[in-house]
Amino acid sequence: MTSPAARVAVELTAALPVPELEDFYRDLHRHPELSLREHRTAAKLAGRLRDAGYEVAEGVGGTGVAGVLRNGDGPVVLVRADMDALPVTEETGLPYASTADGVMHACGHDLHVTWLAGAAAALAAGRETWNGTLLVVGQPAEETGQGAARMVADGLYERFGRPDVLLGQHAAPGPAGLYPHAPGLIMSASTDVDIVVHGRGGHGSRPESTVYPVVTAAHLVTRLQTVVSREIAAGEAAVLTVGRIEAGTRHNIIPAEARIALNLRSRTEAVRQRMLASIRRIAQGECLAAGCPREPDVTVGATFPLTVNDAGTDAVVAAVHGEVFGPDTVFDPGPAMGSEDFPELALGSIPYAYWFVTTTPGEVWEQAPGDTLPEKFSAVPSNHSPHFAPDLSTVAPGVRTLVSGALALLSVA
């Protein structure tokens, strides 16, 4: 190891209380909380930050936690973890499975909080080795795209100081022990769209007196599948998902409306606008063809920005990860179609590095069908799956990635 940051990171994390951190993770996993309801999780993280010597504020942006450790002159480095769980019923069979009905940490945010708590404690214990300011953020409501913006609007930077650089990481499928980095675009933009098809309700025995919105919605869902395949250039990347379709209350009642929920993924604003225009056109056309009494309502909802790493910052962090874990563990996977609200913390100008930590247990990866990496990636449980279960062996490495990344950007004594 040639850099001071790598050497110090290994020293500070050599004696991590791994069993205790694993217990902390299991506790968080047992008690998942949905977006903006992360009261217990936030309190647990805040307590650990106070014990480590941080100045702590709770309730930032609703349920967010911020801890600051000022340690002399030097850069202000923000390290963030998201805290919310998902409305998913767990099917992992783990002895520490969720005890909350219909709620699960299916995206690894419990692991993120564990990594953050461990890194904050290690950096505080070794504060004689570095100078600068650490701003540690436990962010709520990443899954709904609200949390980062809410914390900023609630005066996060006015109260704790504007950071010079941001760091974040995310658990991802893949054989445990890899740290993918991308020196630019790493995650796509996401846009939610809701469509309401208006029909004319009535009795199931008299279809001639109604306008049937269910059939119209079905045609609409099928036609929407052509937006990406026939209207987006082959060299562009885009995804259109129909996540929900709802209509009716009884077997023999023709409903007055049908509702469709879409999610779009894109890597440029031009493609996003093209998709939105296509959706509006197709929805209006199908409703006109069906004789609907009024045009459909098309509403654009939550939007996540592109996640674009600052190339220089990411190169620094990737280099120290390569030193700490080995050069073969760090690679550029290209941009993912997943999305994040982490860039909202950057205010459009603060540089950041965001990377992945692969967490699939070794035996699960080895038993996954397929002979190629894409086949195996498709076969193992991914984020948002009811079977998503990160390997506990990634607890210590995930702490070490944050510690080494922070030290690479702080002033190491």
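On a 1 Å grid over the protein atoms alone, a cavity is a set of points where a 1.4 Å probe fits but cannot get out, whereas a pocket is an open set with protein on both sides within 12 Å along at least five of seven lines; lining residues have an atom within 4 Å of a point. Grid points are joined across faces, edges and corners, and a volume is the space filled by probe spheres set on the points. The model is predicted, with local features requiring pLDDT of at least 70 and side-chain atom pairs pLDDT 80 or more, while totals for chains, interfaces and linings use all residues. Residues are numbered from 1 along each chain as its sequence is written, and side-chain values use heavy atoms, without hydrogens or water.

By this rule, one cavity of 30 Å³ or more is counted. The largest cavity holds about 50 Å³ of space. Its lining includes Arg 80, Asp 82, His 112, Trp 115 and Leu 402. At least two lining residues each come from β3 (76–82), α4 (109–125) and β5 (165–175), where helices (H or I, at least four residues) and strands (E, at least two) are DSSP runs numbered from the N terminus. Four residues of this lining are nonpolar, three polar and two charged; Ala, Val, Leu, Ile, Met, Phe, Trp, Tyr, Cys and Pro count as nonpolar, Asp, Glu, Lys and Arg as charged, and the others, Gly among them, as polar.

Of its 31 lining residues, Cys 107, Glu 143, Arg 265, Ser 339 and His 384 lie nearest its centre. Two or more residues are given to this lining by each of β5, β7 and β11, and β5 gives the most, with four. The lining comprises 14 nonpolar, 11 polar and six charged residues. For the second largest pocket the volume is about 340 Å³. Among its 17 lining residues, Ala 172, Pro 173, Pro 180, Pro 333 and Phe 377 are the closest to the centre. This lining contains 13 nonpolar, four polar and no charged residues.

An open, antiparallel sheet is formed by four strands in the order β9-β11-β7-β12, pairing being assigned if DSSP finds at least two bridges between two strands. Strands β9 (238–247) and β12 (297–304) are the edges, each pairing on one side only. Nine bridges join β9 to the antiparallel β11 (residues 257–266), and Glu 246 stands opposite Arg 259 in β11.
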